[in-house]
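Colleague: I would like to learn how to read the features of this model one by one, with the general idea ahead of each case. Could we start with the conventions and then turn to the side chains?

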Amino acid sequence: MAVERIIFIRPGETDWNKLERWQGWVAVPLNEHGRQQSEALARFMRSIGMTALYTSDLKRALQTAEILARFSAFELIPDERLRERNIGLWQGLTLDEMRKWYADEYAAMLKDADTYRIPGGESREDVRVRMKAAFADVLAQAKGETVGILTHTTALKVLMEDLFPGYNPLAVNLGNTSVTTMRRSGDSWKLVAVDDCLHLEGLRTSAVTELEAKQHDPRDR
């Protein structure tokens, strides 16, 4: 049975989200609010009929996935290719600290947003390559019409850029535990919902601006 619907999920909140510190591959756990967000999402997803959840193996993602799995019967499949962008020496820093302490490197990134590789980390193109490979494997291997992919902000946005020409990652925010859904339409995909957070029912959520955004509004974190 071919996959007809993909549900993309962002992990719940961590303390570093609140502090506006970029996490990358650091093993930051969910905080209490993030666990509450994940439980609210789990209750919402019980009736969706998801047969499998492919998840990043980073701690915050796995903890979110494990909460979801307590409420529904689906196969949980970790995949390191679904990780967030590795931002190397910038992990743990705020955007202001990156700009101040790595001014030349940050300016170089803005000039070459797609292929600039952060010192000790990845470029957006590096992330795109592994996300495309992971997505292709999900489509080839998954059983059932509806599957989930639990991944991170930049990882999801670079995949969306590839799937949907004209998609602008800087114009879209993705809140903690947000749901982005797409459905098969012939040989392509159609976006059905982006950054859906209705399941939170009033619980606060926050989004992460892209590193390449030239202006940063703290309210976006």
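Modeller: Let us begin with burial, where a residue is called buried under 20% relative accessible area, exposed over 50%, and partly exposed in between, computed with a 1.4 Å probe and protein chains only. This is a predicted model, in which local features need pLDDT of at least 70 and side-chain atom pairs count only at pLDDT 80 or more, while totals for chains, interfaces and linings use all residues. Residues are numbered from 1 along each chain as its sequence is written, and side-chain values use heavy atoms, with hydrogens and water left out.

Colleague: Is Arg83 buried or exposed, and with which residue does Arg83 form a salt bridge?

Modeller: A salt bridge is a side-chain nitrogen of Lys or Arg within 4 Å of a carboxyl oxygen of Asp or Glu. Arg83 is buried, at a relative accessible area of 18%, and its salt-bridge partner is Asp57, with 2.6 Å between the closest N and O atoms. The pair links distant parts of the chain, 26 residues apart, since Asp57 sits in the loop between β2 (52–55) and α3 (59–71) and Arg83 in the loop between β3 (75–78) and α4 (95–101). Asp57, for its part, counts as partly exposed at 25% relative accessibility. The names of these elements follow DSSP runs, numbered from the N terminus, with helices being H or I of at least four residues and strands E of at least two.

Colleague: How many salt bridges does a search of the whole structure find, and where do Glu32 and Arg35 lie?

Modeller: The search of the whole structure finds 17 salt bridges. In one of them Glu32 meets Arg35, the closest N and O atoms being 3.0 Å apart; these two residues are three apart in helix α2 (residues 32–45), and are therefore separated by about one helical turn. Glu32 is partly exposed with a relative accessible area of 45%, and Arg35 is likewise partly exposed, at 34%.

Colleague: Which parts of the chain does the pair of Asp114 and Arg128 tie together?

Modeller: The side chains of Asp114 and Arg128 meet in a salt bridge at 3.2 Å, N to O. Asp114 lies in the loop between α5 and α6 (124–141) and Arg128 in helix α6, so the pair ties together parts that are 14 residues apart in sequence. Asp114 is partly exposed, with a relative accessible area of 31%, whereas Arg128 is buried at 10%.

Colleague: What span should α6 have, and what are its end C-alpha atoms found to give?

Modeller: The expected span of a helix is 1.5 Å times one less than its number of residues. For the 18 residues of α6 this should be 26 Å, and its end C-alpha atoms are 26 Å apart, which agrees. The buried residues of α6 are Arg124, Val127, Arg128, Arg130, Met131, Ala134, Phe135 and Val138, and what covers them includes β1 (5–9), β2, β4 (146–150), α7 (153–163), β5 (179–185) and β6 (188–196).

Colleague: With which residues is Met109 in contact, leaving aside its neighbours within four places in sequence?

Modeller: Contact means heavy atoms within 4.5 Å. With those neighbours left aside, Met109 is in contact with Arg85, Trp90, Tyr116, Leu211 and Glu212. Met109 lies in helix α5 (residues 103–111) and counts as buried at 0% relative accessibility. Met109 and Leu211 are 102 residues apart in sequence, yet 8.8 Å apart in space, C-alpha to C-alpha.

Colleague: In what order do the six strands form their sheet?

Modeller: Strands of a sheet pair through backbone hydrogen bonds, either parallel or antiparallel. Two strands are taken to pair if DSSP finds at least two bridges between them. Here the six strands form an open sheet in the order β3-β2-β4-β1-β5-β6, with mixed pairing. β3 and β6 stand at the edges with a single partner strand each, so one side of each is left without a neighbour in the sheet. Within the sheet, β1 and β5 run antiparallel and are joined by five bridges, and Ile6 stands opposite Met182 in β5.
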